[in-house]
4 protein chains.
Amino acid sequence: MKQIIDHTGHQEGAGVTVHTTDKLASSALGVSVSSSDEREIIHPQFLWGKIREYIHEPASEFFGTMILVLFGDGAVAQVTLSNGEKGGYQSISWGWGLGVMLGVYASGISGSHINPAVTLASCILRKFPWRKFPIYAIAQLLGGMCGAAIVYGNYRSAIDVYEGGSHIRTVPGYSSTATAGIFCTYPAEFMTRTGQFFSEFLASSILMFMIFALKDNNNLGAGPLTPLALFFVIFGIGACFGWETGYAINLARDFGPRLVSYMIGYGPHVWTAGNYYFWVPIVAPFFGCTFGGWIYDMFLYTGDDSPVNTACLGLRRLITPLRRKHHTSETHV
Amino acid sequence: MKQIIDHTGHQEGAGVTVHTTDKLASSALGVSVSSSDEREIIHPQFLWGKIREYIHEPASEFFGTMILVLFGDGAVAQVTLSNGEKGGYQSISWGWGLGVMLGVYASGISGSHINPAVTLASCILRKFPWRKFPIYAIAQLLGGMCGAAIVYGNYRSAIDVYEGGSHIRTVPGYSSTATAGIFCTYPAEFMTRTGQFFSEFLASSILMFMIFALKDNNNLGAGPLTPLALFFVIFGIGACFGWETGYAINLARDFGPRLVSYMIGYGPHVWTAGNYYFWVPIVAPFFGCTFGGWIYDMFLYTGDDSPVNTACLGLRRLITPLRRKHHTSETHV
Amino acid sequence: MKQIIDHTGHQEGAGVTVHTTDKLASSALGVSVSSSDEREIIHPQFLWGKIREYIHEPASEFFGTMILVLFGDGAVAQVTLSNGEKGGYQSISWGWGLGVMLGVYASGISGSHINPAVTLASCILRKFPWRKFPIYAIAQLLGGMCGAAIVYGNYRSAIDVYEGGSHIRTVPGYSSTATAGIFCTYPAEFMTRTGQFFSEFLASSILMFMIFALKDNNNLGAGPLTPLALFFVIFGIGACFGWETGYAINLARDFGPRLVSYMIGYGPHVWTAGNYYFWVPIVAPFFGCTFGGWIYDMFLYTGDDSPVNTACLGLRRLITPLRRKHHTSETHV
Amino acid sequence: MKQIIDHTGHQEGAGVTVHTTDKLASSALGVSVSSSDEREIIHPQFLWGKIREYIHEPASEFFGTMILVLFGDGAVAQVTLSNGEKGGYQSISWGWGLGVMLGVYASGISGSHINPAVTLASCILRKFPWRKFPIYAIAQLLGGMCGAAIVYGNYRSAIDVYEGGSHIRTVPGYSSTATAGIFCTYPAEFMTRTGQFFSEFLASSILMFMIFALKDNNNLGAGPLTPLALFFVIFGIGACFGWETGYAINLARDFGPRLVSYMIGYGPHVWTAGNYYFWVPIVAPFFGCTFGGWIYDMFLYTGDDSPVNTACLGLRRLITPLRRKHHTSETHV
């Protein structure tokens with residue numbers, strides 16, 4: 001931003017757009033906002049300012065994922081509990097689609113990952129610093145849990161009415177008035193284990209492929225329209241690949257709320273349902289996102305920050321000592 | 001705008017975009033357009049020009065809220081009175097969503113609040129001048145009333161047919177062909193008082209959190225896409241948290257039309273329905289919007305105009321004499 | 001455009017955006033593109049280039065209105081003839097909404113009016129040259145007729161199946177398998193004449209009010225998002241005020257196709273239906289659009305091109321000799 | 001991009017937007033990105049970098065078409081196999097609409113054709129090099145086939161359940177539980193051959209007319225909103241002209257998946273159904289797109305790259321030796 005202001009002020013008026021675009025292009029979903037810039041904006045002379053400086057990025061991921069789960073789980077809750085009177089399946093596609101869109105808007109400070117699998121793929125393929133991965137993943141998980149808890153609080157009396165009592169909480173496949181599906185995904189009955197995994201893997205691959213395409217300014221590039229385009233990506237995954245496994249494609253949005261539903265009292269069925277399905281949406285998105293991103297980089301991406309555009313497709317990095325590489329990547333960010 | 005033109009004219013061509021963006025970023029939903037700029041555009045040499053100079057901002061809020069209620073109440077009216085033949089619940093989500101979007105476009109002159117709770121949160125958290133709060137609130141209320149009256153005028157014969165006579169006007173819970181729900185919200189039957197309040201509080205919090213996120217250019221920032229993003233916010237609140245209390249989240253959009261429905265002849269049930277529910281959508285949005293905005297500022301916002309980014313989280317302001325503070329804030333605007 | 005290129009070339013890269021924005025702001029739906037610019041682009045050295053120079057603007061309005069009617073009437077045809085299997089009422093709202101959006105994109109050359117009532121309001125309130133009004137209106141009418149004829153050609157066999165024979169063509173109110181509603185609007189049965197007129201008047205007022213709001217850069221201004229915002233305006237009018245009279249709000253989109261349906265053989269009922277309803281969507285939009293635009297100008301608009309911002313609210317213009325006024329307005333364009 | 005940076009650096013900040021817009025305006029759907037620019041970005045010092053330099057554009061078309069078919073066929077699969085529980089006809093309109101939108105984003109490197117008929121029209125009317133036509137068409141066809149195969153893999157068990165066995169694969173018209181319609185289009189039963197052809201021809205014409213309108217910056221021009229506007233175009237064609245023949249309008253999206261469905265084991269009925277309908281969506285789009293594009297150029301387009309804006313409407317090109325023309329066009333690109 002400094003550069004723009006230094007340039008004899010011509011760009012002052014346009015600064016806002018420029019800023020947005022620039023940030024979106026260089027940071028969102030790829031590389032985090034460089035903290036040196038922020039230090040000037042944050043107010044470290046006050047205690048809270050100092051604390052917030054450290055929690056700014058995790059807080060951003062936390063709230064982004066919370067917004068995502070609030071809208072997503074909220075949409076499923078409203079459709080389920082009102083017996084389809086206040087929305088149908090399309091309403092759920094809208095809910096998750098706009099949940100992602102608004103979650104991305106809410107978490108631009110930290111690069112708008114709101115999904116541990118996206119963070120992982122960014123670490124592997126876009127030089128996002130590895131040391132941030134656990135912090136981001138935990139913040140996202142907590143955000144998902146918090147969102148699910150709020151949705152439960154809001155729909156508690158409606159769940160009581162629907163399930164038939166305030167102590168009855170049931171899981172799909174074990175009851176005809178199950179409400180556990182509000183919080184996390186349960187697969188369709190006819191699905192094999194391979195089919196479950198493939199469905200989640202495919203949806204995650206498409207997600208990451210499209211994120212990298214939308215962020216790539218040597219391709220068309222969505223620029224400031226990226227959050228809107230992500231609405232269409234998620235809506236599309238819901239409308240086209242959402243039936244079989246409920247398109248979790250995100251540990252924080254599925255495992256987090258599942259944990260909450262277990263705490264609330266839905267019982268051990270949340271883990272055993274679908275033949276211990278619960279680990280699929282934990283594992284598959286990591287593989288899917290990395291694969292989808294790698295395919296994009298392999299065939300379409302020409303930026304220097306992807307390992308496939310370095311010597312030996314980046315395999316040399318795996319061989320040479322890791323310490324020096326880490327050093328380099330951190331100074332780049 | 002002056003600055004841009006003075007800068008050796010380079011930005012002339014780009015002026016239009018710049019202007020829009022700039023206005024959106026600095027004024028909409030936060031700080032009103034500085035009146036010194038407008039004085040040059042308005043034509044005070046004519047009587048009407050002089051009068052309009054004083055009523056410009058209230059008029060803008062009036063028409064913005066009127067547009068909001070026209071589309072919102074209109075959508076509910078069409079769905080209700082046609083027995084769902086000309087639209088379903090999703091149609092109502094569209095109506096309120098685009099009502100807000102178009103209302104925001106119509107009222108950019110005054111900062112596009114179209115909701116007293118948004119004005120209040122802007123006063124508390126964004127240095128919006130307190131003296132404008134009552135003017136804005138009254139203009140918004142009158143706009144909501146006017147919109148509801150027009151909708152009634154347009155659907156009068158259809159209401160007669162639906163209710164079964166031109167003198168029959170009934171309220172949900174007291175009749176199976178009630179039409180009072182066209183104008184304002186009535187809660188679902190199973191809701192407790194706490195649940196009602198929490199539902200409105202939650203929806204208002206999400207609204208304000210997202211408005212501040214969309215306006216924050218140190219976050220991703222929606223820039224000129226803000227009205228479109230607000231469509232998704234309102235659509236989402238409708239699709240995900242709209243069932244239980246009808247997501248009033250706005251005094252002007254609920255109390256205004258409720259008053260009109262009382263005047264029209266829906267009787268005292270408009271006040272007593274849902275165990276005197278009517279005060280919830282008056283009170284809850286003020287608390288919800290302020291809380292949602294405060295959460296955003298506390299954890300994510302770094303701008304100087306929020307009290308949480310000043311000494312002692314702005315609490316000092318409450319202690320030191322108010323007069324001097326007022327003086328400062330006004331010269332800023 | 002010249003200005004931009006002359007400015008030492010700084011804006012070359014940005015030229016495209018700027019151009020689009022600039023054109024949208026200054027010309028679309030208000031003032032036509034100045035022909036002096038186009039003369040340099042058009043190729044008058046060839047016969048067709050010379051001819052096209054004269055028909056460029058009418059052709060643009062023709063195709064814009066044709067696109068509007070193609071999508072709008074097409075949507076109604078598909079929903080009606082497939083008995084709601086391939087779309088419902090919402091599908092019709094989409095059809096007209098995107099018909100307007102894409103029609104506006106197709107006719108930017110002539111200012112994207114695609115509605116005689118919009119042209120009239122532009123003449124009265126935005127100094128659009130009066131001499132162009134008849135040319136625009138005829139081009140729009142022909143475009144609407146052409147679009148309706150193509151829709152008929154495409155759905156001919158489906159209409160035969162639906163009506164029960166290739167020579168049977170019936171009008172709503174006279175048959176349970178009527179298909180005339182595909183082409184133009186017929187009012188709901190319970191509507192009084194006053195109600196019909198008011199419904200069309202109201203929808204047209206909202207349309208023009210929103211067009212002026214979206215085009216006003218001293219308000220928020222939609223800039224390059226204007227066509228998208230118009231999608232929401234039309235979708236909203238359809239979802240909120242579309243039931244009672246079918247929201248014609250446009251002579252070219254209603255009278256044009258009605259004429260075509262009469263020619264095709266739907267018989268004199270197309271004129272007599274609804275107690276000679278046919279003249280309402282011809283007359284009401286002119287009054288509605290002018291009123292809606294005037295309200296906007298009266299309370300919110302500060303631009304010099306509106307008569308309400310001149311001495312005596314422009315009434316002086318009506319008094320002083322018209323010839324000189326015409327002269328002035330033309331040199332402005 | 002060089003130009004912008006050389007201009008004393010004023011535009012650095014705005015570079016990203018500018019770049020996107022510029023690319024969209026000059027290359028997407030018209031002329032491919034000049035390879036001289038890319039050579040600097042691609043890394044030819046590595047073997048894969050060298051290979052990718054040659055396959056970059058076909059790979060881009062391959063993945064763009066694959067994304068299109070993944071979402072489009074996926075939407076049809078989900079709606080069909082879940083018996084409409086997880087989406088209805090509108091869901092299919094969304095699927096194809098956003099499939100095109102996201103396919104366009106994914107294939108900006110090659111100009112986002114993702115349709116052989118669009119490539120042909122670009123060759124004829126926008127000087128797109130003819131030598132690229134076969135490469136593009138093959139890449140698009142393979143992309144469509146690959147997308148259909150993935151959809152089949154994902155929905156295999158659901159198809160087994162729906163058809164009633166893992167070896168039963170049936171075609172519409174020959175079975176009440178046919179699933180071949182997931183992959184390619186089959187016409188409605190009442191359609192004549194002429195009607196089938198006209199329906200595909202009309203939809204293709206509208207598509208190409210709108211693409212040229214959206215890309216024409218002397219018209220309104222959609223600029224960076226083009227992919228979003230294309231969503232509305234495809235959604236509109238689906239909602240308004242999609243019933244009779246299923247709006248294939250694309251060889252790669254219909255013939256490719258049809259071939260895959262034949263390989264999978266749907267039998268020779270995929271070719272014989274609808275009285276050997278299969279050739280219509282192969283042939284009609286080429287004529288339709290060329291006609292629609294020609295109409296646009298004839299009446300509205302003023303750019304130099306269209307043959308209708310050269311001497312004798314470009315017919316001279318057909319007469320004079322082709323070799324020299326080819327030479328010229330290649331140096332231009």
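Over residues 197–214 of chain A the chain is 100% helix and 0% strand, with the end C-alpha atoms 26 Å apart (helices are DSSP runs of H or I of at least four residues, strands runs of E of at least two, numbered from the N terminus). Residues 135–155 of chain A are likewise 100% helix and 0% strand, and their end C-alpha atoms lie 30 Å apart. Both stretches are among those that an unreviewed UniProt entry annotates as "transmembrane region"; UniProt positions follow the numbering used here, feature names are shortened, and annotations may be inferred rather than shown by experiment.

1. This is a predicted model, in which local features need pLDDT of at least 70 and side-chain atom pairs count only at pLDDT 80 or more, while totals for chains, interfaces and linings use all residues. Residues are numbered from 1 along each chain as its sequence is written, chains are lettered from A and ligands numbered from 1 in the order in which they are written, and side-chain values use heavy atoms, with hydrogens and water left out.

2. The model scores ipTM 0.85 and pTM 0.87. Chain A averages a pLDDT (the predictor's confidence in each residue, from 0 to 100) of 84, and 80% of the residues score at least 70.

3. Leaving aside neighbours within four places in sequence, B:Met210 is in contact (heavy atoms within 4.5 Å) with residues including A:Ile67, A:Leu102 and B:Val233.

4. The structure holds 20 salt bridges over all chains, each a side-chain nitrogen of Lys or Arg within 4 Å of a carboxyl oxygen of Asp or Glu. In one of them, B:Asp297 pairs with B:Arg126, the closest N and O atoms being 2.7 Å apart. This pair links helix α12 (residues 280–299) to helix α6 (residues 116–126) of chain B, 171 residues apart. B:Asp297 is buried at 0% relative accessible area, and B:Arg126 is buried at 7%.

Notes: Buried < 20%, exposed > 50% of the residue type's maximum accessible area, 1.4 Å probe, protein only.
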